[in-house]
Amino acid sequence: MEREKIFLLALKLIEGVGDMNAKNLLSYCGSGEAVFNAGKAKLLKIPGIGAAIADNIMHNKSLILERAREEWEFIQKNNIQLTFITENAYPDKLKQCIDAPFLLFYKGNVPLASMRRNVAVVGTRNASDYGREVCQKIVADLQKYQVNIISGLAYGIDHAAHAEAVKQQMPTIGVVAHGLDTIYPAQHKSLASKMQQNGGVLSEFYSKTQADRENFPKRNRIIAGLADAVLVVETAKKGGSIITAHLAFSYNRDVLAVPGRVGDARSEGCNWLIKKNVAALVESAEDIAALMLWTENIDAKPSVNVQQKQLFLELNPVETKIIAVLQDSAEKQLHIDVLSVHCALPQSEISANLLQLELKSALKVLPGSMVKLLS
């Protein structure tokens, strides 16, 4: 097992190999060790693997494996958990993303694969007092819904979210843009240490990797991919929080935003996300729980009242077809375009019936034209 993990660690140390190529190499060769024992002709048949990468594997094998062994020793010495996308310990939500990291380094005590009800909280590093207070209030009130808080361990809104989660004894995960041999910013070392008692710090980056600018968008995709919902508290119209919101939107995650004052630069991004129907407007934890159909008991299912059950007896043929298709979908939700295809009906007819079904409390149309069944 240790030997194979070192070979798997080595895959992303090959120059020119990213997450997708690492997945392809493993898929076609069957194991990490088999990749390094494969001939050039076999490697060249693998999608994405050209002559330069094949030559690098063939000629630099010893150096690559030596660096992988160093990383393995660092992992063992510092009690870091290493998980690959092929393993059960890898978070299911993130695994569903096409650009999911090939591997994750994690230092914490909450199993990543067991986390349910994940809310990512993002926002500006230059948060106002109002923004921090709203963030803290929402996080604190989410405690009764047994929510895990995910953020980026940066200044401002990130810090407020993590710190409040620690205060409320809620699990919280900080996703960082550097190796786990350091914490950036250094002022958050104490907070990161507390987080590891009920949550942890997560990264896809090897040790000795600095928090370079290009690493932050990669970090943001992990935050978005881990989450059930991404909450934007305060942000300008451009920046990392907007990137995270759009990534979450592309992953069919719920995007939520706290509205702010017109003309306030720190609220411009939130208001824009709401205006463009990328994000749902929320003002409280209760708003989030209602949108996500969460009860205070994590194992309880949303109740269906007698009136709603009776309404299902009054559905027209198209409404019945829409409900049936949504019930057959894995997550009880589909994009309106996909719903139209499955129902074999024009989108105009689907849209007209969706409005009636919303009035009957049978479903909800979410931001991004996602349609979610309510029972």
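What is the volume of the largest cavity? The largest cavity has a volume of about 30 Å³.

## Basis of the model

This is a predicted model, in which local features need pLDDT of at least 70 and side-chain atom pairs count only at pLDDT 80 or more, while totals for chains, interfaces and linings use all residues. Residues are numbered from 1 along each chain as its sequence is written, and side-chain values use heavy atoms, with hydrogens and water left out.

## The cavity

Rolling a probe the size of a water molecule over the atoms shows where empty space is left. On a 1 Å grid over the protein atoms alone, a cavity is a set of points where a 1.4 Å probe fits but cannot get out; a pocket is an open set with protein on both sides within 12 Å along at least five of seven lines; lining residues have an atom within 4 Å of a point. Grid points are joined across faces, edges and corners, and a volume is the space filled by probe spheres set on the points. By this rule there is 1 cavity of 30 Å³ or more.

The lining of the largest cavity consists of Glu71, Phe74, Ile75, Ile80, Phe105, Leu180, Phe205, Tyr206 and Ser207. Helix α6 gives the most to this lining, with 3 residues. By class, the lining has 7 nonpolar, 1 polar and 1 charged residues; here Ala, Val, Leu, Ile, Met, Phe, Trp, Tyr, Cys and Pro count as nonpolar, Asp, Glu, Lys and Arg as charged, and the others, Gly among them, as polar.

## The second largest pocket

The second largest pocket has a volume of about 350 Å³. Its lining comprises 22 residues, and Arg125, Asn220, Gly239, Gly240 and Ser241 lie nearest its centre. Two or more lining residues come from each of α11 (215-226) and α12, and α11 supplies the largest share, 5 residues. The lining divides into 8 nonpolar, 9 polar and 5 charged residues.

## Helix pairs

Helices (H or I, at least four residues) and strands (E, at least two) are DSSP runs, numbered from the N terminus. Axes are lines fitted to C-alpha atoms, for helices over the stretch in contact, and angles run from 0 to 180 degrees between N-to-C directions. Helix α12 (residues 240-250) packs against helix α13 (residues 268-275) at an angle of about 25 degrees, with the axes 10 Å apart. The two helices are therefore roughly parallel to each other, a term for angles under 35 degrees. In this pair, Ile242, Ala245 and His246 of α12 meet Gly269, Trp272 and Leu273 of α13, and the contact has 4 nonpolar, 2 polar and no charged residues.

The axes of α1 (residues 2-11) and α6 (residues 61-77) come within 8 Å and cross at roughly 115 degrees.

## Backbone features

Most residues other than glycine have a negative phi, and most peptide bonds are trans. Asn79, although not a glycine, has a positive phi of about 55 degrees; Asn79 lies in the loop between α6 and β1 (81-84).

A cis peptide bond, with omega about 0 degrees, joins Tyr184 and Pro185. Pro185 is placed in the loop between β5 (172-175) and α10 (189-195).

Technical notes:
Angles under 35 degrees count as roughly parallel, over 145 as roughly antiparallel, 65 to 115 as roughly perpendicular and the rest as oblique. Contact means heavy atoms within 4.5 Å.
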